[in-house]
Each structure stands twice: as C-alpha cells, then as structure tokens.
Amino acid sequence: MYKQQTTVNCASGLYNEQVTYFVQKANEFRSSIYLEFGSKKMNAKSLLGIMSMCVDSGADVTLIADGPDEEIAVSTLCEMLQRDIR
C-alpha cells in the first residue's frame, strides 16, 4: 500500500470535466485506488463516488493505492490534482 497527501489546486475543484479526467486516469492503473477527503473514502475509479465527495479547490486529500503500479498511480494522480486537469 502506498499513500500520499496533496492539496487540490484545480481552480474549480473536482467537479465536471476535472473529475471526469481524474477518474479516467485512475482507471488506467491496475491498482485499487482510493481518495480520502475528511471522513470520506471513495474509490477513485468511481465517477459518482468522487463527485459525491464535493472536493473544492484548496482541499487537502489523501490518495491511497494498493497493487502492482501503486506508486506511479498515486504520483500521477497527485500531480493532476496539483494543477488544472485537462
């Protein structure tokens, strides 16, 4: 298991097209990936799950992955959250 905390710097947070790109990227990895925000923990490969978390810009989140590509998955997704996702 590998995890890393980061701050969401997307101007609009994880909504609309940003969340779509984030989930699409998460689905490219073989590892199980979760996003923690406050007391919520959701499957990062679930569009509705991530949208339901209502993650705004400036929020601190933790990405957790478990599997063969866990480190690269967490690193890649953290980088996405630290900039505008496109």
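**View 1. Asn 16 sits in helix α1, where helices are DSSP runs of H or I with at least four residues, strands are E runs of at least two, and both are numbered from the N terminus.** Asn 16 has a positive phi of about 50° although it is not a glycine. Most residues other than glycine have a negative phi. Asn 16 is also exposed, with a relative accessible area of 59%; here exposed means over 50%, buried under 20% and partly exposed in between, using a 1.4 Å probe and protein chains only.

A quick note on the model: it is predicted, with local features needing pLDDT of at least 70 and side-chain atom pairs counting only at pLDDT 80 or more, while totals for chains, interfaces and linings use all residues. Residues are numbered from 1 along each chain as its sequence is written, and side-chain values use heavy atoms, leaving out hydrogens and water.

View 2. As a handy reminder, an α-helix has 3.6 residues a turn, so residues three or four places apart point the same way.

**View 3. Now for the largest nonpolar core, with its 24 residues.** Such a core is a set of buried Ala, Val, Leu, Ile, Met, Phe, Trp, Tyr and Cys residues joined through side-chain atoms within 4.5 Å. Phe 22, Ile 33, Leu 35, Leu 63 and Leu 81 touch the most other members. Two or more residues each come from α1 (16–26), β2 (32–37), β4 (60–66) and α3 (70–81), and α3 gives the largest share, six residues. Leaving aside residues up to four places away in sequence, Leu 63 touches several partners, including Phe 22, Ile 33, Leu 35, Val 74 and Leu 81; contact means heavy atoms within 4.5 Å.

**View 4. Lys 25 and Glu 28 meet through their side chains in a salt bridge (3.1 Å, N to O).** The rule asks for a side-chain nitrogen of Lys or Arg within 4 Å of a carboxyl oxygen of Asp or Glu, and the count comes to one salt bridge. Lys 25 is partly exposed at 26% relative accessibility, whereas Glu 28 is exposed at 55%.

**View 5. Cys 54 lies in the loop between α2 (47–51) and β4.** Phi of Cys 54 is near 55°, a positive value in a residue other than glycine. At 42% relative accessibility, Cys 54 is partly exposed.
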